[in-house]
Amino acid sequence: MTKSVPHSGKNHEMNLLEELQASLVKRFGRAQHQPEPLVFEFTNDRGLLHQYYRLREIMYRKVFNTDKFVGEEDVHDRLSHILIARRGRLCVGGCRLTIREADEDFLLPMENADFKLRNIFPNLPLRKLRQGEISRFAIMDEDEDKLEIMGLLSQLIIEKCNNSELGYVFLKSSLPMARNWRKIGQTLCGLKKMRICTEVKVPANPIHPEITWYLTEIPLAAAENIPTPYEEVLTSHIDSLVH
């Protein structure tokens, strides 16, 4: 999937007068910068992925004031769908979606041996529906369309979740980022039931132990037709009475 932001203007050869005018404008600093249009796509292009990994390392080190974060490709990157925003061949943002089937047991990026989503949410049908985690958001600070990029990345990654028939998707973030995500999800993506799970204690990251992390749960369309355990017991009881 590729989406472009349209731009105006026609490509044509400039005559001598136009070339002279352009040269003078550039020389005296009056040229207006017209950035290349934004393109969003899920990619396996090694060059673009390398840029994305480098961008997230730079941004995470800056945001969390640490030199310990390593952004290079990890095992979850190789299992994930990676969405990038680019201008031409320059990656200006990206994120990833890791999908797990209901019968798979590998750990999602936020999980460890003592912190597993199926244990944290025993009432969710995570053994019946595929689930996923969205992680590693990074956007180039210098890009003038930073907020637009964030919004479109969020919309497209949620669209991917729905197209992949996920029942639930989860995020781990700081509280300000969780609130921003909730606002974007509810206003731009129609995710009215997404919530910040303040009752869940998320393990600290040793790279920046001072940060308190929050888990966000997003039920998706595929979860709406799955009965809760209470509904299953009630249905079974009614069936027994009828038959």
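Biologist: Why is R136 called partly exposed in this model?

Modeller: The relative accessible area of R136 is 23%. Buried requires under 20% and exposed requires over 50%. The value of 23% lies in between, and R136 is therefore called partly exposed. Please note that this is a predicted model.

Biologist: Which other residue has a positive phi near 60° without being a glycine, and why is E165 called exposed?

Modeller: The residue is E165, with a phi near 60°. E165 sits in the loop between α5 and β6 (168-173). Its relative accessibility is 57%. Exposed means over 50%, so E165 counts as exposed.

Biologist: How confident is the prediction, and which stretches have pLDDT below 50?

Modeller: The mean pLDDT of the protein is 85, and 79% of its residues reach 70 or more. Residues 5-14 have pLDDT below 50, and this stretch makes 8 contacts in the model beyond near neighbours in sequence. Residues 229-238 also have pLDDT below 50, with 4 such contacts.

Biologist: What makes C95, C161 and C197 buried rather than exposed?

Modeller: The relative accessibility of C95 is 0%. C161 likewise has 0%, and C197 has 0%. Buried means under 20%, and therefore C95, C161 and C197 each count as buried.

Biologist: Where does C161 lie, and which residues does C161 touch?

Modeller: C161 belongs to helix α5 (residues 146-163). Leaving aside residues up to four places away in sequence, C161 touches L97, I134, L166, V169 and L220. C161 and G132 are 29 residues apart in sequence, while their C-alpha atoms are 7.8 Å apart in space.

Biologist: How do you know whether the span of helix α2 agrees with its number of residues?

Modeller: Helix α2 covers residues 46-63 and has 18 residues.

Biologist: What caps the N-terminal end of α2, and which residue follows the helix?

Modeller: D45 is the cap: one of its side-chain oxygens lies 3.0 Å from the backbone nitrogen of G47. After the helix comes N65, with a positive phi near 50°.

Biologist: Which residues of α2 are buried, and which elements do they pack against?

Modeller: The buried residues of α2 are L48, L49, Y52, Y53, L55, R56, E57, M59 and Y60. They pack against β2 (38-42), α3 (75-79), β3 (81-87), β4 (90-100) and β5 (131-139).

Biologist: Why is the pair formed by R86 and E41 called a salt bridge?

Modeller: The closest N and O atoms of R86 and E41 are 2.7 Å apart. The cut-off is 4 Å, so the pair qualifies as a salt bridge. The pair links distant parts of the chain, with R86 in strand β3 and E41 in strand β2, 45 residues apart. The structure holds 19 salt bridges.

Biologist: What makes R86 and E41 buried or exposed?

Modeller: R86 has a relative accessibility of 17%, and E41 has a relative accessible area of 14%. Both values are under 20%, and therefore R86 and E41 count as buried.

Biologist: What makes R56, D74, D77 and R96 one network?

Modeller: R56 meets D77 in a salt bridge, at 2.5 Å from N to O. This pair joins helix α2, which holds R56, to helix α3, which holds D77, across 21 residues of sequence. D77 also forms a salt bridge with R96, with the closest N and O atoms 2.8 Å apart. R96 is in strand β4, 19 residues from D77. R56 and D77 are buried, and R96 is buried as well. Salt bridges that share partners join R56, D74, D77 and R96 into one network.

Definitions and conventions:
Residues are numbered from 1 along each chain as its sequence is written. This is a predicted model: local features need pLDDT of at least 70, side-chain atom pairs count only at pLDDT 80 or more; totals for chains, interfaces and linings use all residues. Side-chain values use heavy atoms; hydrogens and water are left out. pLDDT is the predictor's confidence in each residue, from 0 to 100. Contact means heavy atoms within 4.5 Å. Buried means under 20% relative accessible area, exposed over 50%, partly exposed in between (1.4 Å probe, protein chains only). Helices (H or I, at least four residues) and strands (E, at least two) are DSSP runs, numbered from the N terminus. The expected span of a helix is 1.5 Å times one less than its number of residues. A polar contact is a pair of N or O atoms within 3.5 Å; within protein, one must be able to donate a hydrogen and the other to accept it, and residues adjacent in sequence count only if both atoms are side-chain atoms. A salt bridge is a side-chain nitrogen of Lys or Arg within 4 Å of a carboxyl oxygen of Asp or Glu.
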